Amino acid sequence: MRRWGWVCVLAATLVACKDDKPSEVPDAGPVVETGPSALTEQEPNERPEQALELTRDSVVTADLAAQPNKADEDWYRLAPPAPRVADVTVSGLPGGDITLEVYDRDRNRLASINSEGDGKPERFPNLYVEGERWLRVAPARKGVGGAYTLTVKMRAANDGEEHEPNDRAVDAIALPLGQTVTAFLGHAGDEDWYRVELPETAAPTNAPAANDADSGAGGTAPQGASAPGEAPAEGATPPPSPGPGAATGTPEEGEAPLEAPPSPTGTFGGGEPPAAPAPETGVAQVTDAGVAAPPPEPPSVALKIDLSAVEGVRPEISVLSAAEAPLFSLRGKEGEALSLRNIGVRATDRVVYVVVKGGWTGAGKEARRTFNAGTPYTLTVTQEEAGANAELEPNDELYKATPLTAGGYREGFLAPKGDVDHFVLRTTEPVLAKVELTGVERLDLVLSMVEPPQGDGQQETVLLRANDGALKEPERLNNVACNGSCYFRVEGASRKVEGKWVKDFENSEQPYRITVTTVPDNGGEEREPNNTVERAQELTLGKAVRGTVFPVKDTDYYRVDLSDRPVRTPLRATLLGILKVDVGLYLHRVQPDGKLSLVQTADRAKGDQPESIRFSAEPGVYIFEVRDAKNREANFQDSYQLTVEEGE
C-alpha cells in the first residue's frame with residue numbers, strides 16, 4: 001500500500017510540472033494600427049525643437065493662449081517612415097483667424113496658408129513630405145487664442161500628381177508632353193509651376209511648309225532651290241513651268257521673246273469679262289532683285305494646353321521662358337475649363353514653364369484669389385499637330401501677329417470665348433492678295449483688314465470687313481493691295497443674347513484655315529481698300545481696270561484728275577457687268593469742301609449687261625463709283641471691268 005502511495009504522489013507531481021509549463025502562442029506578425037492617433041498637444045512647444053512628432057494619421061487636440069503682447073504658436077514635426085502626401089487641416093479659432101505655415105528641415109518657410117476668415121479652418125490638401133516637414137500653427141493677430149484641432153492624413157503619393165510646394169521655378173514639377181498631372185489650387189496663395197521640356201526634333205511652326213509656294217511676297221526659296229538665273233542645284237527638282245498669267249520675267253540674251261498672256265495678269269476672277277482695248281501690252285515687270293527680304297521670323301513651336309474646370313476657381317494660366325519671361329497669359333472665367341490652342345513658344349528654348357493659379361474675384365475689401373482645397377484639376381500639355389502651319393498665340397494684338405506666307409496657309413482656333421487672332425503678310429513688292437478663311441462648326445467668323453495706329457494715342461482702323469457668311473460659312477477678301485506689311489484679323493461675330501451683344505463663339509476642336517494667294521500689282525486690278533473717297537484708286541484714261549463687288553455692300557471708288565485741263569474733256573466710261581450683281585456706275589465731282597456732287601448715273605441694266613456714261617467734264621477732280629445698285633448682292637468670283645476713255 002505504501003508503494004502505491006508513492007507511485008500516486010510521483011504521478012501527481014509529473015502532471016503538475018507539465019501543467020506549469022507555458023503553452024506556445026503562434027506569432028501574429030506586426031501590430032497593425034487602425035485609425036488615426038488621438039494626441040494632445042504638450043506644452044511647451046513654441047519652438048521647432050519642442051515640436052510634437054507626427055508619423056502617421058493623427059488628430060491633435062490643442063490650445064493657443066491669448067497673449068496681449070505676442071501671438072502664441074505651436075510646432076509639429078511631420079516625419080513619416082516613407083514619402084507621403086499629407087492632407088493637413090487646422091480648425092478655426094472661435095472669434096479669431098488662424099494661420100498654418102510649412103517649413104523645411106532647415107526651418108525655411110515653404111508656404112503660409114491664411115485663406116479663410118475668422119472662425120474658419122485652414123487646409124493644405126497635398127503637402128508632399130519626404131523626410132520631414134515642420135508645421136507652425138498660430139493666430140493671425142496678437143491677443144487671440146482658443147482651442148483648435150489639427151488633423152493630419154497621410155497617404156502614399158500617386159503617379160502623375162503634383163508635389164507641393166511647387167510655387168517657384170526651382171520647385172517646378174516636370175511635366176512631359178502628352179502626360180496629365182493632377183493637382184490642387186488648395187489655398188489663396190497657391191501657385192503651381194510645371195517644367196515642360198521641348199523635344200530637340202520639334203519642327204518650327206513658322207518654317208516654310210512643304211506645300212507653300214511663295215508668290216514673290218518676301219518668302220525664301222525652299223532648300224535646294226536655285227536662285228534666279230542659276231542652274232538647278234544638283235539633285236534638286238526643276239521648278240514647274242509658270243501657269244497662264246504668271247509673271248515670268250524678261251527674256252535672257254539669246255532666248256525667244258516672251259509672248260504676252262492672253263488676258264491681263266493679276267486677276268482672281270473666275271469668269272473673265274471681254275478684254276477692253278488696252279494700248280499697253282506685254283509682261284509684268286520683274287521686281288528688282290536687289291530688294292532685301294524681310295528678316296526671318298524666329299522659329300516657334302505651337303502647344304496645346306488643356307486645364308480642367310474647378311468649381312469656384314477662376315483659373316489663370318501663364319507660359320514663361322526658361323528665363324521666366326512671359327510668353328503667354330490668360331485669365332479664364334470662374335468654374336470653366338480652358339482649352340488653349342496654338343500657344344506659340346520659341347523652338348530655341350529647350351524648356352518653358354507653365355504656371356497655374358487662381359484668379360482674383362470681387363472688388364475692394366471683398367477681393368480675393370479663388371481656390372478649392374477639395375477638388376483637384378488636371379493639366380495636359382501637348383504639341384500641336386499643325387506643325388509649320390499653326391497659328392501662334394498670343395496674337396490678340398497687332399504687334400503679336402502671326403506671319404503669313406504668300407501661297408501658304410495657317411490653321412488657328414478661336415478659343416477660349418472672345419479670342420481674336422491677328423496675322424501679318426509682309427511683302428517686298430506691290431502685290432494684290434486674296435485672303436480666304438474657311439468656315440468652322442459653331443462659329444460665325446469675321447475676316448478684317450486692319451491698319452495699325454498711325455501715331456501716339458491713335459486707334460487702329462478697320463479698312464475692310466467681311467462677314468457675309470453665317471455659321472460654318474467661309475469669308476473672303478479680294479484684291480487687297482499690300483506693299484510692306486498688311487494685317488488681318490479673325491474673330492467671332494457679335495450676336496444678341498438676352499438683350500446683350502456678346503462675342504461668345506468658340507471651338508477648340510476644329511481649326512479654321514486662313515490662306516493667302518498673291519499676284520503682282522500691275523495696275524490692271526482694283527486695289528482694296530478703295531471703299532472711301534480718300535482711298536479712291538487713281539484711274540489711267542484708256543486703261544481698263546477690273547474688280548469685284550465683294551463683300552455685300554462693297555463700294556469701289558476710282559479717281560480721275562482733270563484739274564490741269566484748260567477746257568472741258570469728253571469722257572466715255574464703260575462698265576461691263578457680272579452675274580448675280582446688278583452693277584451700277586455713278587459719276588461724282590469733288591467739290592472744294594471735299595464733298596461729292598452726283599453728276600450722272602448708269603444703273604438701269606440687269607445682271608451682266610453693261611453700263612455706260614458719256615460726259616463733258618469741266619476741269620476738276622471726278623470720282624467713279626461702282627457698286628451693286630441695290631446694295632444686297634455680291635460676287636467674289638467674277639470681275640467687272642471699268643474703262644474710262646477720253647473722247648466722244
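A charge counts as sitting over a ring if NZ of Lys or CZ of Arg is within 6 Å of the ring centre and within 35 degrees of the ring normal. Keep that in mind as you click around this predicted model.

**Stop 1: an arginine over a ring.** Select Arg-476 and Phe-636. Arg-476 lies over the face of Phe-636, at 3.7 Å from the ring centre.

Buried or partly exposed: which is Phe-636? Its relative accessibility is 34%, so Phe-636 counts as partly exposed. Phe-550 has 10%, so it counts as buried.

**Stop 2: another ring pair.** The whole structure holds 5 aromatic pairs. For one of them, select Phe-423 and Tyr-512. Their ring centres are 6.4 Å apart and their planes meet at 85 degrees, so this pair is edge-to-face. Phe-423 belongs to strand β24 (residues 420-426) and Tyr-512 to strand β32, so the pair ties together parts 89 residues apart in sequence. Both Phe-423 and Tyr-512 are buried.

**Stop 3: a pocket.** Which strand supplies the largest share of the lining? That's β17, with 5 residues. Colour the lining by type and you get 10 nonpolar, 6 polar and 13 charged residues.

While you're in this numbering range, select Arg-341 and Phe-413. The charged end of Arg-341 sits over the ring of Phe-413, 3.8 Å from its centre.

**Stop 4: a covered strand.** Finish with β37, residues 583-590. Here 6 of the 8 residues are buried. β37 pairs with β40 in the antiparallel sense over 7 bridges, and Arg-589 stands opposite Tyr-622 in β40. β37 also pairs with β38 (residues 596-602), again antiparallel, over 6 bridges. Look for Val-590, whose bridge partner in β38 is Leu-596. Between β37 and β38 are 5 residues, making a hairpin, and Gly-594 in the turn has a positive phi of about 90 degrees.

Conventions:
Residues are numbered from 1 along each chain as its sequence is written. This is a predicted model: local features need pLDDT of at least 70, side-chain atom pairs count only at pLDDT 80 or more; totals for chains, interfaces and linings use all residues. Side-chain values use heavy atoms; hydrogens and water are left out. Helices (H or I, at least four residues) and strands (E, at least two) are DSSP runs, numbered from the N terminus. Ala, Val, Leu, Ile, Met, Phe, Trp, Tyr, Cys and Pro count as nonpolar, Asp, Glu, Lys and Arg as charged, and the others, Gly among them, as polar. Rings of Phe, Tyr and Trp (its six-membered ring) pair if their centres lie within 6.5 Å; planes under 30 degrees apart count as stacked, over 60 as edge-to-face and the rest as tilted. Buried means under 20% relative accessible area, exposed over 50%, partly exposed in between (1.4 Å probe, protein chains only). Two strands pair if DSSP finds at least two bridges between them.
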